[in-house]
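This report looks at selected side-chain pairings, packing and surface features of one protein chain. Please keep the sequence and the structure in view while reading.

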Amino acid sequence: MVLTVYKDSNGLLWIGTYGNGFDIFNPKTNTFKHFENQENNKFSLSNNIVWAFNEVNKNEMWIATRGGGLNIYNAKTQKFSHCLKNEKIPYSISDNKVLCVYKDNAGVIWVGTETQGLNKLNLRMSYFEVISQSTYPELSQNNIMAILEDTDNSIWLGTRGGGIYIVSEDKTIREFFKDYSIQKGYSNILSMTFDGKYVWSGTDGNGFRKINKKTGNVEERFVFDATNKNSLSNNAVTSLLIDSDSVLWIGTYGGGLNKFDIKKRKFRNFPIESTSFMRNVVWTIFEDSKGLLWIGTGGKGLMRLDRSTERYVFFENTYNDKESISNNIVLSVNEASDGFLWVGTGGGGLNKFDRKNGTFKNYSLNDGLPNDMILGIIEDNDKFLWMSTYNGLSRFNPRNEEFLNFSESDGISGVVFNERSFQKRSNGEILFGGVNGITRFFPDSIKRSKYNPTVVLTALKIYNRTIGINEQVNGKTILTKSITETEHLEISYQMNMFSIEFSSLHFLDPKSNLYKYKLIGFDEDWNYTDASKRFATYTNLNGGDYVFMVVGSNSDGIWNETATKLHIKVLPPFWKEAWFYTLLVVIILLMISLFIKFRERQLINDKRKLEEMVDERTIEINQQKEELQSQSELLAKNNEDLSRTNRLVKDSISYAKRIQDAMLPSLNLIKSLLPDSFVFFKPKDIVSGDFYWCYVKNDKIYLATADCTGHGVPGAFMSMIGNTLLNEIISNNKIHTPSEILKKLNTGVILALKQKNDGATNSQDDGMDITICCIDKANGILEIACANQTVFMIQNNEMLVIEGDICTIGGIFSADDDKIYSNNTFKITPGMKIFMFSDGFQDQFGGLKNKKYLASKFKELINKNKDISMNQFSDLLESEFENWRGGNKQVDDVLVLGFTV
């Protein structure tokens with residue numbers, strides 16, 4: 001029974017039968033050639049039930065069999081190869097009962113099965129070979145972290161969790177360690193390098209080892225030793241490199257970069273970032289053609305190290321600088337044959353580094369990369385760059401800056417690859433390692449598809465509802481045939497929200513197809529989209545004629561510039577028709593004319609009323625003008641009287657200041673008595689309620705700082721009373737101790753102000769807070785008494801706080817009391833420093849939060865600067881006070897007196 005007949009390109013007829021294989025008939029010679037399954041011949045037809053043929057190329061015929069899968073007949077070798085279902089291979093044919101086979105214009109093979117649906121075969125999958133557990137059962141782990149080729153052309157594979165495996169030139173695979181006691185704790189391999197005799201292998205947590213390639217023995221093991229500063233800096237070894245001088249460089253996760261002196265067995269550490277563990281990571285080490293090392297870090301960008309001088313410099317991302325590196329995590333570095341450095345980042349895509357001018361050029365997802373995590377970079381023999389990412393492989397052409405991307409549908413091991421897991425072999429083959437094994441291929445065998453796909457329109461939606469053929473919308477039929485065949489479309493303004501869906505007829509990797517579209521008459525430029533959004537939506541279009549154009553590309557980025565077009569006419573509403581606009585203009589002109597006539601009459605009436613109002617207002621204004629003139633003359637006279645009074649008051653206060661200044665002791669006098677001293681005096685007003693006093697009697701020096709009630713003129717009067725009383729007490733009485741002086745001063749203020757605690761409303765309650773210090777240098781004695789004030793003393797480099805009695809001088813509540821003030825006596829020691837002050841400095845508002853300076857902060861200021869001279873303190877206090885006050889007003893008089901005994 002003949003099931004099918006197929007004519008090939010040579011004119012031969014292929015005849016498939018049910019149970020007897022197939023025959024090839026040559027019409028020119030009238031001869032048949034028979035093929036059928038031969039039990040002991042693995043290169044014969046796999047099954048004798050032949051359903052269909054398809055000539056893929058001149059040398060290959062693809063044959064569908066029922067039970068024997070898909071057969072490929074090679075005309076040159078006259079042998080059959082078989083595509084059979086294999087549960088262990090995820091991309092094998094889904095069923096061995098094949099009913100049909102077809103090759104489309106793009107080169108995709110479609111295979112229909114009896115019970116398991118349709119299969120699509122991407123011939124480009126044959127370009128890639130995968131090393132994984134499904135193809136090599138000997139491999140215990142698919143996650144490949146490191147790849148190395150030795151001098152025997154064998155491939156060493158470092159796995160995560162499975163140790164080391166070796167793939168020989170004949171593609172057999174074996175586990176390297178047979179002694180499991182050696183492999184224990186050494187199964188997580190992160191990096192490897194080869195020096196010609198030894199394989200150096202780094203682990204994730206167990207340092208690195210030196211392995212003899214021939215014997216397989218681990219000859220040395222290097223780990224971190226906290227007690228040895230010359231040991232490895234961290235046990236997680238992410239990268240290894242033997243440089244051109246046979247020096248071993250080690251990158252670690254958290255320990256920075258290490259240089260290992262093989263002869264001296266010493267490590268030199270280069271920390272990347274000593275303050276941050278995560279930034280002290282080395283992801284890759286690369287030596288360029290000039291002998292410079294380029295180190296990819298975990299947060300400090302790209303590091304360049306001169307091996308001869310051991311000087312290094314970092315290239316980091318600078319915000320808003322497009323010529324800086326795009327990301328500070330660098331996972332891969334490679335030097336191209338033209339001298340440019342290519343840098344792969346962890347999130348910033350690919351960077352081209354021009355070492356002459358120190359600038360970077362960035363390529364990212366927007367430029368065609370499948371992912372911005374660039375894990376490995378290799379230049380092939382044709383000067384293309386191959387990169388592994390977290391979303392497949394990518395080939396970059398630096399000459400035209402185009403990317404060609406590969407995913408699982410192309411036959412690679414998976415889309416997720418690993419850092420540093422790549423190798424270019426001596427024969428030009430390239431290997432990339434990932435979580436699902438190794439992808440190996442010869443790059444020159446991979447060709448870009450040149451097929452120009454046609455784009456077809458697949459659906460029309462109005463208000464998100466798909467419109468069918470002859471379906472009516474608002475009583476109107478929109479489509480009389482499929483949208484794919486429709487060339488002209490007419491819709492009304494009521495349907496003015498529509499979407500057009502489209503698709504590119506290239507099925508090699510449909511999700512990689514790209515599209516661009518525009519609506520002529522609306523869009524100024526092309527709109528670009530991908531396979532995830534194969535539609536264009538338009539709303540609120542004005543009435544008129546438009547042309548929708550869409551162009552697509554194949555999965556390799558080849559565009560078909562012949563656009564698919566759809567002419568669209570949008571019918572406007574009646575109020576947008578020309579006749580309606582004409583009628584509207586006539587009506588508007590008529591209304592304007594009537595309005596002008598109405599306004600003319602209204603303006604004549606308004607003018608008459610306005611003239612009457614102007615006359616009335618003119619009379620009122622003249623009357624008000626006369627009144628204002630009289631008031632102005634009176635105000636001028638009052639202002640002159642006030643100015644004269646103000647000058648007299650100000651002159652009186654200024655004269656009072658001169659009197660007060662004359663009563664204050666001369667600063668030269670204080671300096672002559674106490675050379676290392678200062679007075680910081682800053683009145684709030686012209687005259688001050690704070691005053692300082694100095695007197696010398698019987699070789700004793702008396703000093704006082706006082707804060708009188710109030711400030712300005714009232715405070716100044718009190719300061720004069722206090723100054724006068726102090727002079728009288730010292731000169732006319734035999735009183736020598738500060739406490740007795742305070743007691744006598746209190747009595748004098750009460751008598752001077754006639755203060756009585758009798759409840760009278762006219763009783764004066766003024767007084768003062770004061771500190772008196774007596775310096776007896778002859779006997780080495782220092783005496784201090786304070787009335788409601790505090791004194792700071794620096795003695796033997798320690799600060800003492802002398803708290804005064806909580807009772808002021810004067811006041812109605814002191815009139816009946818016989819006050820007693822404490823007398824504090826100290827022995828003078830070398831370098832003793834005394835600070836006497838009012839509360840003005842502490843009460844000043846200012847700072848960032850506009851609060852008081854406070855006594856605690858003032859004490860801290862004195863104590864912090866206790867070692868400077870008294871002569872420097874005045875400038876210090878001036879600067880501190882003004883900085884704190886800022887733009888605020890001074891709230892009180894300020895007085896600070898300090899001296900060294």
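This is a predicted model: local features need pLDDT of at least 70, side-chain atom pairs count only at pLDDT 80 or more; totals for chains, interfaces and linings use all residues.

A search of the whole structure finds 35 salt bridges.

Two further pairs can be described in the same terms. The side chains of E273 and R279 meet in a salt bridge at 4.0 Å, N to O; E273 counts as buried because its relative accessibility is 17%, under the 20% limit, while R279, at 29%, counts as partly exposed. K684 and D685 also meet through their side chains in a salt bridge, at 3.6 Å from N to O, and here K684 is partly exposed with a relative accessible area of 30%, as is D685 at 34% relative accessibility. Salt bridges that share partners join E129, E149, E169, K171, R425, E429 and R440 into one network.

## Buried and partly exposed positions

N71 lies in strand β7 (residues 70-74) and, at 0% relative accessibility, counts as buried. Leaving aside neighbours within four places in sequence, N71 is in contact with residues that include S44, L45, M61, W62, F80 and H82. The C-alpha atoms of N71 and S44 are separated by 9.2 Å, although the two residues are 27 places apart along the chain.

S413 is found in the loop between β36 (402-406) and β37 (417-424), and at 11% relative accessibility this loop residue counts as buried. Not counting residues up to four places away in sequence, S413 touches V130, E408, N436, G437, I438 and T439. P572 also sits in a loop, the one between β50 (564-571) and α2, but at 25% relative accessibility P572 counts as partly exposed. Its C-alpha atom is separated by 9.8 Å from that of N496, a residue 76 places away along the chain.

## Nonpolar cores

In soluble globular proteins, nonpolar side chains tend to be buried together. The largest nonpolar core of this model has 50 residues, of which M768, I770, L782 and I784 touch the most other members. Apart from residues up to four places away in sequence, I784 touches a set that includes P738, I772, V791, M793, I802, F826 and I834. A second, separate core of 27 residues includes I467, I478, Y517 and F548.

Which residues of helix α6 are buried? In this helix (residues 855-864), they are F858, L861 and I862. Seen down the axis of α6, these buried residues fall within an arc of 95°, so they line one face of the helix. What covers them includes β56 (790-795), β57 (798-803), β60 (833-837), α7 (870-885) and β63 (894-900). The face of α6 turned away from the buried side carries the exposed residues S856, E860 and K864.

Notes
Residues are numbered from 1 along each chain as its sequence is written. Side-chain values use heavy atoms; hydrogens and water are left out. Buried means under 20% relative accessible area, exposed over 50%, partly exposed in between (1.4 Å probe, protein chains only). Helices (H or I, at least four residues) and strands (E, at least two) are DSSP runs, numbered from the N terminus. The arc is that of the directions from the helix axis to the C-beta atoms. Contact means heavy atoms within 4.5 Å. A nonpolar core is a set of buried Ala, Val, Leu, Ile, Met, Phe, Trp, Tyr and Cys residues joined through side-chain atoms within 4.5 Å.
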